[in-house]
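Hello,

Here is the structure you are taking over, with notes on what was found in it. Please read the notes with the model open.

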Amino acid sequence: MVISKSGGTPETRNGMVEAAAALSLARPRLRAHAVAVTQDGSALSRQARDLGFVERFPMWDWVGGRTS
């Protein structure tokens, strides 16, 4: 589960890249297991769509940022 309001938080992206690398060693692809929680239209939302994540769940604008 990748969670980022804007999809631009480097730590979140780096964690996702590391998880994808670890999964690739076991042969499954990240998209077969991944979901995203993010604002509609964010960088993460677009990436999740493009990579074919299982699901994208909304994070509303009133939700705080990185430490919420």
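Two strands are said to pair if DSSP finds at least two bridges between them. Helices (H or I, at least four residues) and strands (E, at least two) are DSSP runs, numbered from the N terminus. This is a predicted model, in which local features need pLDDT of at least 70 and side-chain atom pairs count only at pLDDT 80 or more, while totals for chains, interfaces and linings use all residues. Residues are numbered from 1 along each chain as its sequence is written, and side-chain values use heavy atoms, with hydrogens and water left out.

The sheet

Three strands make up an open sheet, in the order β1-β2-β3, with parallel pairing. β1 and β2 run parallel and are joined by two bridges. Val 2 has Ala 36 in β2 as its bridge partner. From β2 the chain crosses through α2 to β3, and this β-α-β crossover is right-handed (with the strands pointing away from the viewer, the path from the first strand over the helix to the second runs clockwise).

β2 (residues 35-38) also pairs with β3, again in the parallel sense, over four bridges. Val 35 has Glu 55 in β3 as its bridge partner, and Val 37 has Phe 57.

In a regular strand the side chains alternate between the two faces of the sheet. In β2, Val 35 and Val 37 point one way, Ala 36 and Thr 38 point the other way, and all are buried. Buried means under 20% relative accessible area, exposed means over 50%, and partly exposed lies in between (1.4 Å probe, protein chains only).

Val 35, in strand β2, has a relative accessible area of 15%, so Val 35 counts as buried. Leaving aside residues up to four places away in sequence, Val 35 touches Met 1, Val 2, Phe 53, Val 54, Glu 55 and Phe 57; contact means heavy atoms within 4.5 Å. Val 35 and Arg 56 are 21 residues apart in sequence, yet 5.7 Å apart in space, C-alpha to C-alpha.

Helix α2

Which residues of α2 are buried? They are Leu 44, Ser 45 and Ala 48. These residues lie on the same side of α2 because they cover an arc of only 100° around the axis (the arc is that of the directions from the helix axis to the C-beta atoms). The buried residues of α2 pack against β1, α1 (10-25), β2 and β3.

Ala 43 is found in helix α2 and is partly exposed, with a relative accessible area of 32%. Not counting residues up to four places away in sequence, Ala 43 touches Ser 6 and Gly 7. Ala 43 and Ala 20 are 23 residues apart in sequence and 17 Å apart in space, C-alpha to C-alpha. After α2 comes Gly 52, whose phi is positive, near 80°.

The aromatic pair

A pair of aromatic rings is described by the distance of the centres and the angle of the planes. Rings of Phe, Tyr and Trp (its six-membered ring) pair if their centres lie within 6.5 Å; planes under 30 degrees apart count as stacked, over 60 as edge-to-face and the rest as tilted. By this rule the count comes to one aromatic pair. The ring centres of Trp 60 and Trp 62 are 6.4 Å apart and the planes are at 10°, so the pair is stacked.

Trp 62 is found in the segment after β3 and is exposed, with a relative accessible area of 71%.

Regards
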